[in-house]
Amino acid sequence: MTDRHELILTCPKGLEGLLLDEATALGLEEAREQTAAIRGFAGLEVAYRLCLWSRLANRVLLVISRFATESAETLYAGVHAVDWAEHLEPSGSLAVEFSGRGSGIDNTHFGALKVKDAIVDRLRTDSGERPSVDKLNPDLRVHLRLDRGQAVLSLDLSGHSLHQRGYRLQQGAAPLKENLAAAVLIRSGWPRIAAAGGALVDPMCGVGTFLIEGALMAADIAPNLRRERWGFSAWLGHVPALWNRLHAEALARAEAGLARPPLWIRGYEADPRLIQPGRNNVERAGLASWIRIYQGDVATFEPRPDQNQKGLVICNPPYGERLGDEASLVYLYQHLGERLRQACLGWEAGVFTAAPELGRRMGIRSHKQYAFWNGALPCKLLLIKVELDQFVTGQRSAPNQRPAEAEQAVELALLSEGGQMFANRLQKNLRQLGKWARREGIECYRLYDADMPEYALAIDLYRDWVHVQEYAPPRSIDPEKAQARLFDALGAIPQALGIPREKVVVKRRERQSGTRQYERQASQGEFLEVSEGGVKLLVNLTDYLDTGLFLDHRPLRLRIQREATGKRFLNLFCYTATATVHAAKGGARSTTSVDLSKTYLDWARRNLSLNGLSDRQRLEQADVMAWLAEDRSEYDLIFIDPPTFSNSKRMEGVFDVQRDHVALLDLAMARLAPAGTLYFSNNFRKFVLDPQIAERYAVEEITQATLDEDFRRNARIHRAWKLQAR
């Protein structure tokens with residue numbers, strides 16, 4: 001065999017340029033980039049060195065043949081022509097990986113089978129001995145890539161992918177591969193910073209991949225020094241003496257590196273479940289004297305400015321898939337930006353993110369960006385120099401401002417122009433509606449309801465909590481612009497309202513079908529006690545699209561409370577029975593509440609119990625239409641607030657409020673006492689009350705009287721009628 005080989009090094013997409021530089025420095029000649037790979041030429045010593053020292057490659061492939069192929073037969077012939085006796089014993093084992101299509105081969109499994117057959121047939125002895133297949137730990141890994149009629153046949157010297165360093169046996173939910181983490185560190189300037197004795201901090205370190213890769217670089221440790229089995233270990237072309245010399249050199253360099261005073265390398269992780277796995281990974285990497293991992297969030301990481309310490313902050317914040325996740329991440333990125341400004345002046349930072357729009361929420365400009373791929377996910381590395389002129393600031397605070405006001409002014413100045421406009425509107429609404437709410441003793445009210453069309457949100461205050469619902473934007477709106485505006489708004493809300501970020505809950509409201517609006521969105525199970533009109537109610541801001549309290553019905557609930565004294569009250573489609581609580585508190589003789597959902601009836605039971613109203617309050621789990629058809633009781637006061645549409649599995653047929661409201665009201669009016677009152681409301685914007693209803697009963701629309709100050713700018717939030725017998 002020749003001592004000069006063609007080598008192909010594969011890597012994650014986007015790392016080709018970095019890998020080219022690294023491989024050239026390690027001795028690869030005539031190197032050039034390909035897609036997710038580089039190609040060059042070198043002797044076996046360089047091939048070994050690349051296996052041992054490449055921080056970026058996935059595999060090191062040694063090309064043994066290139067040939068044209070037109071069919072499965074010519075593919076077989078080309079592989080069979082190789083003298084496999086130079087590479088593998090007839091008693092050995094092999095594994096074949098095949099990539100690419102064409103030349104009559106459209107199935108990679110079939111292609112791999114043809115390659116395996118050719119090798120086995122070439123090595124089969126007269127006695128019938130032949131290599132076996134071992135996909136896990138073969139003596140020889142063979143790779144064939146088919147590309148536009150040419151077959152590239154290679155031996156995989158790596159064995160398992162080189163990103164598998166061996167230290168990370170435990171990992172978090174979405175870990176970066178080790179070679180991608182190394183690439184991010186290199187792009188962020190860590191080798192330069194480490195050479196100058198700088199520090200490394202990851203404030204969201206997960207199981208410590210950035211920290212370990214950074215320490216391996218700083219201590220001059222070959223990333224694959226601890227690997228025991230290689231793709232070349234049982235290859236007949238392997239030269240053990242050459243490998244042993246290179247491995248011994250790497251061991252000596254590692255010992256010398258670890259003997260130096262360790263750099264200050266620290267990780268912080270908020271999830272307590274990841275602390276011990278991270279520390280275990282550090283221990284396995286042999287870097288326990290270099291790396292410390294602590295439990296804590298972004299706010300807890302603290303460099304040592306008293307020692308004039310400088311270095312690199314590196315992190316891969318989570319990016320979230322659900323809207324609620326993204327909303328909380330806006331505050332995470334803002335918090336990260338604040339911490340950098342407060343504690344890391346003079347440092348450099350690298351923020352690796354799949355959501356660059358979130359990165360812009362830090363309030364610090366990136367001076368350079370690099371594109372990467374994390375698997376199939378496009379990502380950006382934002383490089384930041386934490387200097388005063390990098391801060392995205394606006395107007396300075398006035399000299400006569402109090403400290404708290406000045407701090408809020410600085411925070412607002414970090415918002416975009418649109419975000420500042422939105423914040424101004426929130427503050428204006430808070431001044432106006434807050435005064436009204438305090439005067440009326442109202443704890444929960446709507447502060448904002450798409451007042452500015454480009455910010456299509458509904459924002460409700462529940463005491464010191466903020467509940468945000470984003471109306472899904474129409475398809476005509478660019479999704480990226482819609483997301484940017486959402487992030488603007490989310491950034492503005494805590495600052496404008498002076499409410500901690502952790503008390504902002506965000507959901508997306510879309511066109512609902514069936515029972516989707518009642519389906520569980522999360523499972524935190526946390527309830528907040530609020531008061532309204534002298535009653536106490538439980539709301540859940542996180543687990544469902546609605547909170548358990550329809551704020552727009554506040555005036556109607558209070559009206560029911562005033563009119564309920566001594567009356568028999570019926571609440572149909574009762575939801576969490578808030579109107580029932582008001583009726584009982586107002587002195588109703590008895591109450592009956594009907595709903596199909598056990599979850600909401602349990603919630604209703606808790607609301608009643610919270611007010612000491614468990615006696616004489618009847619809760620019925622049933623389909624309202626079926627229940628009304630069978631019920632023979634009489635009621636003095638009835639409230640009906642039906643869904644627009646329902647197709648629950650527990651009911652017969654489908655309920656449609658427009659189609660079925662006549663039948664519903666006829667059944668309910670049949671249960672109404674002669675001098676009784678029925679209140680009917682719904683929020684279907686296209687709803688039209690059937691003229692038959694006015695012909696049969698005394699009907700008065702009372703919509704305007706059931707809208708408080710916080711809903712007057714959205715008069716279509718619901719419509720309401722008062723019905724009585726003629």
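The model is predicted, so local features need pLDDT of at least 70 and side-chain atom pairs count only at pLDDT 80 or more, while totals for chains, interfaces and linings use all residues. Residues are numbered from 1 along each chain as its sequence is written, and side-chain values use heavy atoms, with hydrogens and water left out.

**Salt bridges**

Side chains of opposite charge can pair when their charged atoms come close. A salt bridge here is a side-chain nitrogen of Lys or Arg within 4 Å of a carboxyl oxygen of Asp or Glu. By this rule the count is 40 salt bridges.

| Pair | N to O distance |
|---|---|
| Asp121 and Arg124 | 2.9 Å |
| Arg253 and Asp220 | 2.8 Å |
| Glu701 and Arg719 | 3.1 Å |

The salt bridge between Arg253 and Asp220 has an N to O distance of 2.8 Å. This pair links distant parts of the chain, 33 residues apart: Arg253 is in helix 8 (residues 240–259), and Asp220 is in the loop between helix 7 (209–218) and helix 8. Helices (H or I, at least four residues) and strands (E, at least two) are DSSP runs, numbered from the N terminus.

Buried means under 20% relative accessible area, exposed means over 50%, and partly exposed is in between (1.4 Å probe, protein chains only). Arg253 counts as partly exposed because its relative accessibility is 40%. Asp220 is also partly exposed, with a relative accessible area of 24%.

Glu45, Arg49, Arg245 and Glu249 are linked in a network of salt bridges.

**Helix 7**

Is helix 7 largely enclosed or open? Helix 7 is largely enclosed by the rest of the structure, because 10 of its 10 residues are buried. Among the buried residues are Phe210, Leu211, Glu213 and Met217. Just after helix 7, Asp220 takes a positive phi of about 60°.

**The sheet**

Strands of a sheet pair through backbone hydrogen bonds, either parallel or antiparallel. In this model, two strands pair if DSSP finds at least two bridges between them. An open sheet of 7 strands has the order 24-23-22-25-28-30-29, with mixed pairing. Strand 24 (617–621) and strand 29 are the edge strands, and each pairs on one side only. From one strand to the next, the twist averages 15°.

Strand 29 and strand 30 run antiparallel and are joined by 5 bridges. Tyr697 has Ala725 in strand 30 as its bridge partner. Helix 17 (residues 598–610) lies across strand 23 (590–595) and strand 24, and runs at about 170° to strand 24. Axes are lines fitted to C-alpha atoms, for helices over the stretch in contact, and angles run from 0 to 180 degrees between N-to-C directions.

The salt bridge between Glu701 and Arg719 also belongs to this part of the description. Glu701 is in strand 29 (residues 697–701) and Arg719 is in strand 30 (residues 719–725), 18 residues apart.

**His163**

His163 lies in the loop between strand 8 (150–156) and helix 5 (178–187). His163 counts as buried because its relative accessibility is 10%. Leaving aside neighbours within four places in sequence, His163 is in contact (heavy atoms within 4.5 Å) with residues including Ala57, Asn58 and Lys177.
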